[in-house]
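The entries follow in the order in which I looked things up.

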Amino acid sequence: MALFHVARYPGPEAAGAEAGADGRARALLERLQCRARERQRQKQPRQQEAAQSAGPAGKRRAAAAQTAEARGRRGAGEQAAESGRRGHGRRWGPTGRGGPWSRVPVGLTRRPPRFCRAGSSEEAPEESGVGAEAAEQPEAPDGRPPEEASGPPAHALLLGGFRRSRAPKVQPFLPAWLAEPSCVEKSVTKDLVPIEDVPEVHPDLQKKLRAHGISSYFPVQAAVIPALLESMANGFLVGRGGYQPSDLCVSAPTGSGKTLAFVIPLVQALLHRAMCQVRALVVLPTKELAQQVSKVFNVYTDATPLRVALVTGQKTLAKEQETLVQRTVDGFRCLADIVVATPGRLVDHIDQTPGFSLQQLRFLVIDEADRMIDSMHQSWLPRVMAAAFPREGTKSLFSLLQRRQPQAITAASTCCPQMPLQKLLFSATLTQNPEKLQQLGLHQPRLFSTGLAQRGSRDADAEADGESAGKYTFPAGLTHHYVPCSLRSKPLVVLHLVLEMNFSRVLCFTNSRENSHRLFLLAQAFGGVSVAEFSSRYGPGQRKMILKQFEQGKIQLLISTDAMARGIDVQGVQLVVNYDAPQYLRTYVHRVGRTARAGKTGQAFTLLLKVQERRFLRMLAEGGVPELERHDTPSKLLQPLVPRYEAALSQLERAVKEERKQKAA
Ligand SMILES: Nc1ncnc2c1ncn2[C@@H]1O[C@H](COP(=O)(O)OP(=O)(O)OP(=O)(O)O)[C@@H](O)[C@H]1O
């Protein structure tokens, strides 16, 4: 089983922690030295005074104390110099060579400092450990503790008297729109709104919704659809008085129906457009997701004049160009009203497709917005904005409607009708970090959220970048479990879960392509379960086929990398297994969100090694995951599978060798 790599959490055992402890040790040591020197400076006049008043005996004691203290300072100075020389390497105790304790590595010691009496109970464990290294002295040769040996007298506190005061917590300042979102019910089984109760939606669209088995709107749809329709009440143009509609951000759990929350209003807004122009652009992180969203658009634009183009790189550039523009005698004709794209391919078309124009773009939807913000380094958004807002003076067929970036409203700016560009952000894990959101240049944004309002702004700083403070909400029908197991037994536990639970669709996530492939080969060799893998080893066409077969129930166990963790909506996934525990809470949210969608129930099992347990469970608890149920798999349950498993392992070894040979050839 050494063939499987397991991503380990960087626990205290990890080398990184040791390096971190070194850095902290050095900082603490410097602080201690500084304080000791200061205390000494304050003490010196008092000692001299006392010595003068106590006569020759007192003078001797004072001199001894000073000598000892100087010795202590020298020792600490050497330590600091030594640590400076060695950089981040492993360092040794302060008095250097000789003493029986002196070769204890700094990062490993956890004893409290003997000289740090005051305040030592308040210190963080790492700091206590480091402090012990910094301040501790060797025992005297006669075995007496240093206080009793020839060092300084007990009352001469060399280092100590310091108390670690808590730094006041900096409260974040959140803009009002983030701090006070419009609250949305998180459960899709509560607060459903019958379709007829939202009369703003076009009757044809209502009919289509019913035809597809949708009789009520989920809470996020009931909140967002009317808000969006209202913001476009003035048609494509800016409202009277220069009114520009607000950008919208939507944060709602996985499987809560966010896709229809933008598809319905966008289709309705474009239903009566006069000319075909690209008015709506939807950007998504992966080809599969883009394909899924374009399918939903196709359903609701069917039997309308609206055209949807998918640009993801699945076809050649030329083929995609044919769906976007057509050359005419006097220029180009646009062929798409709605473009669904991945960012890279979109930029290719902006650069290389003659006649492809975003100057009439009215809606920019950024789905899986937090992931898209992470990919901002690709500069796709500035490229889209530059294409959507032409430089002043550029001649255009639609110069009457030529628009400028939102700016201060003046009498002059309101005299020409302008088409606004409204940004719509959607995610189950939308960041609340204002700095990150600022990169999107949102205009008077409005937030719809299922979870953040209850927590208020206080927790938002914890959320700022990462993964804590109970900020995410999960589908109500999802139950979370963890399975303690060893590295050796992990594949066996997966097979046991799949066979024991007898689910027709199980999605199993690993942290790498390699792990997915080997687990797939092993499960295949084990037999008794129809298994496939989904990763970048396969081309888009093959991946599409695999997804289809999985949806049809032809594949019982699909082993996947995180390529499938986000947004993919496969009906009837009952069980998600995290073969490798995800490293980030966001990843966990999206992986387990492939089950328990649209009000259904589902289960998530995470396999945890002993070293991962504490940290992983803490991460989830801080992130608002309902308590995980422990699911033990005693060896007597696994035992019957072992002989087949051993045989499968041998087959796997052979298969891996064979693949290596083929690669090398
Ligand atoms: N009002 C509704 N009634 C019944 N089913 C619905 C409704 N709205 C959406 N659905 C179904 O719910 C499922 C999940 O919807 P969708 O993919 O939009 O979720 P999501 O919120 O985008 O999830 P994720 O965050 O994982 O991308 C889809 O299969 C969709 O058809």
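**Ligand contacts**

I began with Ser216, where a backbone N or O atom lies 2.8 Å from a nitrogen atom of the ligand. I note that the model is a predicted one.

I then turned to Gln221. An N or O atom in the side chain of Gln221 is 2.8 Å from a nitrogen atom of the ligand.

For Asp569 I looked up the side chain. A polar atom of the Asp569 side chain lies 2.5 Å from an oxygen atom of the ligand.

I next asked how much of the ligand the protein buries. The ligand taken alone exposes 640 Å², and the protein buries 84% of that area.

**The shell**

I listed which elements give two or more residues to the shell around the ligand, and found β3 (216–217) and α6 (258–270). Of these, α6 gives the most, with three residues.

I counted 20 residues around the ligand, of which Ser216, Gln221, Lys258, Thr259 and Asp569 come nearest. By class, the shell residues divide into six nonpolar, nine polar and five charged.

**Domains**

I looked up how the protein chain is divided. The assignment gives domain 1 (18–57 + 66–88 + 105–141), domain 2 (190–391 + 418–450) and domain 3 (478–664).

Which domains supply at least three residues each to the shell around the ligand? I found that domain 2 and domain 3 each do so.

I then examined how this pair of domains is placed. Taken over C-alpha atoms, the centres of domain 2 and domain 3 are separated by 33 Å. In the contact list, I found 16 residues of domain 2 touching 16 residues of domain 3.

**Record**

I consulted UniProt, where an unreviewed entry places the feature "domain: Helicase C-terminal" at residues 493–641. For residues 493–641 I noted 40% helix and 17% strand, with the end C-alpha atoms 10 Å apart.

Technical notes: Residues are numbered from 1 along each chain as its sequence is written. This is a predicted model: local features need pLDDT of at least 70, side-chain atom pairs count only at pLDDT 80 or more; totals for chains, interfaces and linings use all residues. Side-chain values use heavy atoms; hydrogens and water are left out. A residue is near a molecule or strand if one of its heavy atoms lies within 4 Å of it. A polar contact is a pair of N or O atoms within 3.5 Å; within protein, one must be able to donate a hydrogen and the other to accept it, and residues adjacent in sequence count only if both atoms are side-chain atoms. Accessible areas come from the Shrake-Rupley method with a 1.4 Å probe; for residues, only the protein chains shown count as cover. Helices (H or I, at least four residues) and strands (E, at least two) are DSSP runs, numbered from the N terminus. Ala, Val, Leu, Ile, Met, Phe, Trp, Tyr, Cys and Pro count as nonpolar, Asp, Glu, Lys and Arg as charged, and the others, Gly among them, as polar. Domain bounds come from an automatic or database domain assignment. UniProt positions are given in the numbering used here, feature names are shortened, and annotations may be inferred rather than shown by experiment. Contact means heavy atoms within 4.5 Å.
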